[in-house]
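Open your viewer and get ready to select residues by number. Each stop below names what to pick and what is there.

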Amino acid sequence: PRLVVQLVDSNLAKVYANTNKSVNDFRDHPQVLKQAISVGRRLQDPLVEFSQLCNAENDILCLRFHPMQDSVGDEPLLRALNQEFINIVNDVGVDINECVAHPHTSNLVQFIGGLGPRKGAHLLKTLRSMSNPRLENRQQLVTSCHMGPKVFINCAGFVKIDTSALGDSE
């Protein structure tokens with residue numbers, strides 16, 4: 001069998017391995033293993049892995065995107081990066097059930113149009129506290145998650161619900 005080799009820039013993995021999130025997620029793992037996990041996740045879904053660095057510590061600013069990046073201040077750069085995350089996340093959508101089942105993907109919820117960090121965190125907290133945290137349709141965002149009508153109208157189009165993955169739901 002042929003072995004497929006992919007080369008990946010390791011800067012993202014190095015930054016992630018030094019974040020508080022990696023320390024909390026992989027407390028007992030050595031630095032090189034945290035980097036390997038980050039590289040693997042980046043290959044699977046780069047958007048999820050880059051979003052890991054969008055946190056209160058603004059770890060995303062540790063990455064170099066352009067040689068002239070230092071010419072732009074941190075605040076404008078952070079605003080531009082957040083806007084791009086919102087644009088890209090809203091282009092591809094977010095599977096909310098995936099975010100509940102796999103916490104490392106849940107950072108994408110803050111970029112769903114109409115939610116933001118606070119409402120996104122509240123939505124995930126509400127879903128995780130339910131006895132059956134899987135959503136079967138968008139209407140459950142209103143009925144089960146007690147989402148207001150304006151917020152629902154703003155974010156419903158960007159929330160994906162993979163009904164084929166629900167399987168044995170009742």
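Begin with Lys21. Lys21 is partly exposed, because its relative accessibility is 25%.

Before moving on, note what you are looking at. This is a predicted model, in which local features need pLDDT of at least 70 and side-chain atom pairs count only at pLDDT 80 or more, while totals for chains, interfaces and linings use all residues. Residues are numbered from 1 along each chain as its sequence is written, and side-chain values use heavy atoms, with hydrogens and water left out.

**Salt bridges**

A salt bridge is a side-chain nitrogen of Lys or Arg within 4 Å of a carboxyl oxygen of Asp or Glu. Asp25 and Lys21 are four residues apart in helix 2 (residues 20–25), so about one helical turn separates them. Helices here are DSSP runs (H or I, at least four residues), numbered from the N terminus. Asp25 is partly exposed, with a relative accessible area of 36%.

How many salt bridges does the structure hold? There are two. For the other, select Asp70 and Arg64. Their side chains meet at 2.9 Å, N to O. Asp70 is exposed at 64% relative accessibility. Arg64 is partly exposed, at 48% relative accessible area.

**A buried serine**

Go to Ser38, in helix 3 (residues 31–44). Is Ser38 buried or exposed? Ser38 counts as buried, because its relative accessibility is 1%. Show its neighbours. Leaving out residues up to four places away in sequence, Ser38 touches Leu12, Ala13, Tyr16 and Glu49. Contact means heavy atoms within 4.5 Å.

**An aromatic pair**

Select Phe85 and Phe111. The structure holds one aromatic pair. The ring centres of Phe85 and Phe111 are 4.9 Å apart and their planes lie at 20°, so the pair is stacked. The pair links distant parts of the chain, 26 residues apart: Phe85 is in helix 5 (residues 74–92), and Phe111 is in the loop between helix 6 (96–101) and helix 7 (116–129). Rings of Phe, Tyr and Trp (its six-membered ring) pair if their centres lie within 6.5 Å; planes under 30 degrees apart count as stacked, over 60 as edge-to-face and the rest as tilted. Both Phe85 and Phe111 are buried.

**Positive phi**

Pick Asn58, in the loop between helix 4 (46–51) and helix 5. Its phi is near 55°, a positive value in a residue other than glycine. Asn58 is partly exposed, at 27% relative accessible area.

Then jump to His146, in the loop between helix 8 (140–143) and helix 9 (149–155). The phi of His146 is near 55°, a positive value in a residue other than glycine. His146 is exposed, at 64% relative accessibility.

**Last stop**

Select Ala101, in helix 6. Ala101 is exposed, with 54% relative accessible area.

Notes. Helix = DSSP H or I, 4+ residues; strand = E, 2+ residues; numbered from the N terminus. Buried < 20%, exposed > 50% of the residue type's maximum accessible area, 1.4 Å probe, protein only.
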